[in-house]
Amino acid sequence: MTGTLQNESLTKSLVFLRILIGWHFLYEGVIKLFNPDWTAFAYLATAQGPFDWLFISLTNEAVIGWVDTLNMIALIFVGITLIMGFYEKLGALAGIVLLGMYYFAHPPFPWLEQVNVEGSYWFVNKNLIEIAALWVLYQFPTGFYFGLGYLKSQRINTAKTPQL
Amino acid sequence: MKWTRRDVLKGLGGLPILGSIWWAGTANALVKSKDRSEILEQLKIQPSLTSALPEIGGAPIRIGIIGFGIRGEQLCRALGFATQDWLEEMKLEEELTGNTQLQEFLDQEKLNIQMSAVCDVFDVKAEHVIASFSTPEHTVKRFTTYQEMIHSGEVDAVIIATPDHWHAPMAIEALNNNVHVYVEKPMTHTIEETYQLQEAAENSEALLMVGHQHRQTLSFKTASDIVEKGVLGHVSMIQTFTNRNDDNGAWNYDIHEKANEQTIDWDLFLGSAPKIPFNKNHFFRWRKWWAYGSGLSGDLLTHDYDRLNCVLGMGIPSSITASGGIYTHNDGRNVPDVLQVNMEFPDFSTGSSQPKGKEKGMTFTYSATLGNGFNRPTILMGHDASMELGNNLTVWPDGGSTKYAAMLEEEKMKPNVPIYHYNPGANMPDAVSSATSQYFADKGLMWTYIDGVRVNSTFLHLREWLSGIRNGGTMSCGIKEGFEEAISAHMTGLAYKLGRRIDWDHKQQQIVPIEGINFDEVLLSST
């Protein structure tokens, strides 16, 4: 009984974490969607670290428009899946990929100059922590408890349970 | 299937969260964009576009370069002629630092000119021009004196990039013989020369262009529009600065290893300057002595003064005071390396949002040191807003503004939040090679941006001059602008050297005489 209770409170905590991260992604995406002047150009053009060539190549005139659009769609996708508790594993993976890119575009490595950062970081920054949190969410989906996944599981349960 | 309340809560509970975030994001973005358009609508600023120039048609214009030092070489590059050494150096820098200057040079539009002749008192430099710029069809011809070059009939136009004391004699000789002139700043070395050159330019059929290339900077045209539309209100104070802290910035240029009495025509270099024995230091670092140069007032203040004269058109100040000294480079120079200048314009106004007659007059300050490199930006301070002027423009509303009082009250504007930012090169990561280059670049003196592409403003300035030679037209920095610049620089030099206020008589168009003082003697004196 205690185990179930603990499980339930862990599930609730994970739901809370899922909503918070979804909230973060969705708001970032929506702000970009409604700001026609937004572009990742400056962020990418000033990339540092081992993959700077990759990010700088994305600033190419032919590509940057697609990069901006895909980034915005991906942010909104991650946001919606996590908040709604549906395809959340896919959402968590997409989030990890996005954050991984943000992490490596401006990695907090001690030999690189840290520009436009609000805190002090040594290898670990908030992007990396959010990646770790998403990794947890990927392994423990909670949509069945709170989210569209709940309805799905209920329907399956209903179907499976013979009417008495 | 029938949904229970529990089903709805647990299954669709995310929906209101999603809806709220979406609403908040949309509202936030829209409010910001609405506020911005409201501000922009009130400001009515038109970001400037470049004006198209008529083509430089016909036979190539034959150019003679007089003086192939640091600036002479830069001017030739702007014309499309780079030395082999420079090309190799830039190729290396491109690989090492990503410096894009080589590519920009190669992409530069080709001008319809021929590099015909060179005149330089240092053999190495003259031979360098001949070796680098001669083509199979034409070998660059060397002339010993500028008179020979001007009278040869082999040049249509000359570029004068010599020490200051040679500017006017050469420019006057060329104009008197209807040879077009591009002369570096300051236009003249003395007051008398300034009037002589003015007369020569007005009577000549040839064109005179003074080398203030920043007149081509696109942001300055937008800045003009901002001031004209009254965005800043009455500007009562302008602050301009020079901050440099390196050898190059303090005019301690390299001394060429091949420089000696055999390779340099020393007497020709001296010209009207006091006769002294051969001195390499004076030859390569002439900007440090009043005999050949004019120090901070003629060399760097002129940039800042003309930048503002280009934006505001305020003309010659009614009076100037100046002070300073040699405080950071006691190396034998006699021009100051720290200088404070106040220029008064008591009748000037950029317009007012307050009751008529309340506001009039403006002070322009120039504060310079060659012993500190902290960047102090150029600021125009108006009753309604302040503007930082450079290649980028930023406008902040003033907390006490009359014009924006309502918007400030409603917090649609905040005093510490810019209401306008113009950054034509926002999409350009720049690689600037040295501290001095950065100093010039920040001020908009090196390049401007056209359609987001970085363009050398010296190239644009020279192109305007060349197009004018073929097609006529008024120069953006002709004799009027050059006269105002030169007089202001000389008044500053006098104020510093005499330690007293120097006044300009607008009616008589002359510096108010001071009994017993010969101004030109003072300007040329070593102290």
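So, how many helices and how many strands does the secondary structure of chain B come to? It comes to 19 helices and 18 strands, where helices (H or I, at least four residues) and strands (E, at least two) are DSSP runs numbered from the N terminus.

Some housekeeping. This is a predicted model, where local features need pLDDT of at least 70 and side-chain atom pairs count only at pLDDT 80 or more, while totals for chains, interfaces and linings use all residues. Residues are numbered from 1 along each chain as its sequence is written, with chains lettered from A and ligands numbered from 1 in the order in which they are written.

Okay, chain B overall. Along the principal axes, its C-alpha atoms fill a box of roughly 105 × 60 × 45 Å. Of its 527 residues, 45% are buried, and buried here is 20 or more other C-beta atoms within 10 Å of the residue's own, with exposed at 12 or fewer, partly exposed in between, and C-beta atoms placed from the backbone. If you take the contacts in chain B with a separation of 6 or more, 73% are between residues 24 or more positions apart; a contact is two C-beta atoms, placed from the backbone, within 7 Å.

Now the sheet. Chain B has an open sheet of ten strands with mixed pairing, in the order β14-β13-β12-β11-β7-β10-β9-β8-β17-β18. Two strands pair if DSSP finds at least two bridges between them. At the edges sit β14 (420–422) and β18 (510–511) of chain B, each pairing on one side only. Inside the sheet, β9 (338–345) and β10 (362–369) of chain B run antiparallel, joined by eight bridges. One example: Val341(B) has Tyr366(B) in β10(B) as its bridge partner. Helix α18 (479–498) of chain B packs on this sheet, touching β8, β9, β17 and β18 of chain B, and its direction makes about 55 degrees with that of β8(B). Angles run from 0 to 180 degrees between N-to-C directions, and axes are lines fitted to C-alpha atoms, for helices over the stretch in contact.

Why does Trp289(B) count as buried? Because 24 C-beta neighbours lie inside 10 Å. Leaving out residues up to four places away in sequence, Trp289(B) touches His282(B), Arg333(B), Asn334(B) and Val335(B). Its C-alpha is also 9.2 Å from that of Leu524(B), 235 residues apart along the chain.

On to where the chains meet: 18 residues of chain B contact 23 residues of chain A. On the chain B side, α1 (5–12) and α2 (14–43) are the elements giving two or more residues, and α2(B) gives the most, with eleven.

Last stop, chain A. Helices α4 (61–84) and α5 (88–105) of chain A pack at about 140 degrees, axes 8 Å apart. Among the residues of α4(A) that meet α5(A) are Phe77(A) and Val78(A). In the loop between those helices is Gly85(A), which is buried because 29 other C-beta atoms lie within 10 Å. Gly85(A) touches, among others, Phe146(A), Leu148(A) and, over in the other chain, Gly14(B).
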